[in-house]
Number of protein chains: 2
Amino acid sequence: MNLEDTLLMMPGPVPVAPRVLRAMSKPMINHRGAEFSAMYDDCCEILADVFQTKNDIFILSGSGTAAMEAAVGCTVGKDDVVVALENGKFGERFKDIAARYGNVNALQIEWGHSFDLSEVEKKLEEGAKAITLIHNETSVGIQNPAEEIGKLAKKHDALFIMDGVTTLGGDTVKTDEWGVDIAVVGSQKCLAAPPGLSMISVSERALAAMDEKDALPYYLDLKAYKKSGDKSQTPYTPAVPLFFGLQEALHIVKEEGMDARINRHATGAKAIRAAATAMGLEMFPQLNDDHSHYSNTVTAMKAPEGVTGNDIKKDMMARGITIAGGQSHLSGKIFRIGSMGNVQPKDIMLTIQELEVVLKKRGVVSELGPGVEAASDVLDTLL
Amino acid sequence: MNLEDTLLMMPGPVPVAPRVLRAMSKPMINHRGAEFSAMYDDCCEILADVFQTKNDIFILSGSGTAAMEAAVGCTVGKDDVVVALENGKFGERFKDIAARYGNVNALQIEWGHSFDLSEVEKKLEEGAKAITLIHNETSVGIQNPAEEIGKLAKKHDALFIMDGVTTLGGDTVKTDEWGVDIAVVGSQKCLAAPPGLSMISVSERALAAMDEKDALPYYLDLKAYKKSGDKSQTPYTPAVPLFFGLQEALHIVKEEGMDARINRHATGAKAIRAAATAMGLEMFPQLNDDHSHYSNTVTAMKAPEGVTGNDIKKDMMARGITIAGGQSHLSGKIFRIGSMGNVQPKDIMLTIQELEVVLKKRGVVSELGPGVEAASDVLDTLL
C-alpha cells in the first residue's frame, strides 16, 4: 500500500493541500528579516478573524501541547489554584500540566460525559486563579460548553484558559465575546496546516497576570513572545517552513470564509452521525444537558458488539483510509472519524461507504446503502 | 532583489539543499504509524554517528533553545547549583534558563574571551549538580574547550550539559569520550536541515538524575521523550514535515561522511580567517590559552575603523549575501560570517570577493585581490 495515498480521516494530522505542501519547499530565509515579519503579520491578521479576537496572538514553534503549557505555565504559580475540567484525554493533559505549575482542583467526570455547570460553579466558588477547558474534547467527540463556562469564569474572576485545538478554524469560537483569556489552537487540525506550530491568543488580563509572576517556562515564555511579537518577530528561532505552510493554509481559510468553513464542518460531522445512526452505531458521548453537543469536527462512536474499535481502524486502514481508535482506557471500545480541515463531502462519502463495507463484512450490518444514503442526504445540503 | 536567491552565510539558518526542500512537500502521514517510527529510527541512527555517542537521542519539535531548556529543566531542581559558563550570548541564555530552575553560580567573563580552566575548576569545587557550556559560542566565534571542561565536570561529579548547536554535524564532538551527559544541537545549523527541530543526547547518568526529580517542564519533559523514544515515537505531535527534511539532510551528512564534513568546515573557516587577515581585519575572539580556538563554523571579526558591522552587513545584503552582525552590546562592533552546513568553497569565494569589494568601496582596503587569494590558497587544499 502506498502510504502517501492514504486518506487521513483522523482528528489530526489532516490532509494538507498541495499548495500548502509546495509552500514548504521554498528556500530558507533569515527569520530576523522583513520578509519573515510580513509573513508573521499576515498570519496573525487572518488568525484574528479565526479567533474572533482583538487580543494579541502569538505563533509558537511547538505543538498544541506546548501552547497549553505556555498558557498555564505563564499565568499560574505554585500558590495558585486551577480548576481543571476533565471529561477526556486532553482535559486530563491540561490537568497534568496545571499540576506542574499550580494546585489543581479538578472536576473529573467520566470521559465522554457532559459537565454539570452547577458542579463547575461549585469548584469556582472554592476560589481559583484560572480554569482550564477543552472546548472540543477530541478523545471522545464532545463539544463542551465554552460560552457558559466563560460566563462562570468571569463571574468568579478566574482566568478562562481554553484549548480550542480542534475547534478554532473549523467551528464557532468567539474568543472575546465568550471571555476566553487564553485560547490555543494547533496548526494540524481545522486549519489544515502541517503539524508543528500552535497559535495562542492572550487577553490583557492574562498578560497582566503574567506580569505579576516570573514566568517559569523559558522557551514557552509568553512575555518573551509578547516583546518579540510587538516587533513581528519570535523570541527564538521559528520553524520557518511550517510558517510558509501555515500562511498558505490560512489563505485557504480566508478564501473559503469562516462562515462557509464552519457550516461545512458542522454538516460533515452531522452527515457522519446520520450515517452512523443509520448503520445502527451508537454515539459515544453522553449528553446530559442542552449546553454540550456532539463535536462538529470529530465523531466518536462505540465499537459495535463483538468488534473492537481497533478492528475497524485496521480494516479501514487496509482499504486506504486512516481513522482513529480510542485513547487510554477507551482503546478498543470506541473509534473516531475526523472531519476537520479541508475534508470535502466526497472524502466523507468514501469513508462512510468503506465503513459500511467493513461493517457488513464483520456482520454488523446486513446490507449496504443506508449509511451512504443518510450521509448523502445531509451532505447534499452543501450542494 | 529576489530574497529567495539570497546566499545565506549566517550562523543559521543555512541554505537547505533542494532535495531537503522537496522532502518537506511530501503529504502528511499519521505520526503514530510505522512509517513515522522508521523515519525516527533512521534519523537517530545517523545522529548517533554525528554525536559519537551510544546514549539515547531524542528529537524535539522546538528550536535549540527548547532543547537547552529541556536539558537543564529536567535535571536541575530549585535546590541544585548550576555552574553556568558565559562568554557570549548563548552562554548568557543557558545561564538565564538555569536560573529559572536552579541556583546559578555563573562564571561570566568578557564576551569573546577564553575561559581560564582554573577558574572553571574553582567554581566546580564550590559544589555543583551541573555545568553548562556552549561548545561553539556562535555570538562571538569562539570554540570553547569542551573536552577539558568535560574532564573537570567528571572530576567534580557534575553533569556536563553542552550546547553543541553550532558544532554537531560540522565539527568534532566526541560526546561519550568527552563525558558529555547532555548534548544539544539545532537542525538549522551544521546539519543543514530546516529550522524547528532540535536533537538531544542524554546519558544514563543524566536519565538517573531525572528520575530523582519530578521534571517540571511538560512539553520538554525528557522522561516522556525517553518513554516514547523507546517505541520510536515522540510524546506529543511532532512537526512531521521538518522530520521529512531532517531525514533527507542527515542522508546528505551520511553520504559526505563526518570526517570529510568536519574537514570541509574547518577549511572553510580557516579560509575566511586567512582572507580577513589578508584584508587587514582583526578577529574578535581573544584566545588566551591553547584550549580555546577560533570557531570552525562561524567567523567573528571586529568592524574596521570608521565602519560598523551593520554597515558591512547592509552592503553585503544589497549584493545578495546575508551575513550576521553582532548581538546585544556587540551590535555594530563586530560582524560574522557563517560557513556551516552545506556551504561550499565557491560560496565562501563569492562571499570573500564581495566583502573585499565592499571594504574597498568603504575605503578600508585599497586594492582587490589579497582576500580572494588568501581564501583560495586555503580552500584549494580541498580540491
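These legends describe close-up views of a predicted model.

**View 1. The annotated domain of chain A.**
UniProt places the feature "domain: Aminotransferase class V" at residues 28-328 of chain A. The entry is unreviewed. Over residues 28-328, chain A is 41% helix and 18% strand. The end C-alpha atoms of this stretch are 40 Å apart.

**View 2. Strand β3 of chain B and its partners.**
Strand β3 of chain B covers residues 81-86. Of its 6 residues, 5 are buried, so β3(B) is largely enclosed by the rest of the structure. One partner is strand β4 of chain B, residues 103-108. β3(B) and β4(B) pair in the parallel sense over 6 bridges. In this pairing, B:Val82 has B:Val104 as its bridge partner. Strand β5 of chain B, residues 130-134, also pairs with β3(B) in the parallel sense, over 3 bridges. Here B:Val83 stands opposite B:Ile131. In a regular strand, side chains alternate between the two faces of the sheet.

**View 3. A β-α-β unit in chain B.**
Three elements build this unit: β3(B), helix α4 of chain B and β4(B). Helix α4(B) spans residues 89-101. The β-α-β unit is right-handed.

**View 4. An open sheet of 3 strands in chain B.**
The strand order is β6-β7-β11, with antiparallel pairing. β6 (136-137) and β11 (293-294) of chain B stand at the edges. Each has a single partner strand, so one side of each is left without a neighbour in the sheet. β6(B) pairs with β7(B), residues 142-143, over 2 bridges in the antiparallel sense. Within this pair, B:Asn136 stands opposite B:Gln143.

**View 5. Helix α12 of chain B.**
How far apart are the end C-alpha atoms of α12(B)? They are 24 Å apart. The helix has 17 residues, 345-361, and at 1.5 Å a residue these should span 24 Å, which agrees. Among its buried residues are B:Ile348, B:Thr351, B:Ile352 and B:Leu355. The buried set also includes B:Asp347, B:Glu354 and B:Glu356. An α-helix has 3.6 residues a turn, so residues three or four places apart point the same way.

**View 6. What covers α12 of chain B, and what follows the helix.**
Which elements cover the buried residues of α12(B)? The cover includes helices α10 (258-278), α11 (309-318) and α13 (370-379) of chain B. Strands β1 (7-8), β13 (321-322) and β15 (334-338) of chain B are also included. Just after α12(B) comes B:Gly363, with a positive phi of about 80 degrees.

Technical notes
Residues numbered from 1 in each chain as written. Chains lettered and ligands numbered in written order. Predicted model: local features only at pLDDT ≥ 70, side-chain atom pairs only at ≥ 80, totals over all residues. Heavy atoms only, no water. UniProt positions renumbered as here; feature names shortened; annotations may be inferred. Helix = DSSP H or I, 4+ residues; strand = E, 2+ residues; numbered from the N terminus. Pairing = 2+ DSSP bridges. Expected span 1.5 Å × (residues − 1). Buried < 20%, exposed > 50% of the residue type's maximum accessible area, 1.4 Å probe, protein only. Contact = heavy atoms within 4.5 Å. Right-handed = clockwise from strand over helix to strand, strands pointing away.
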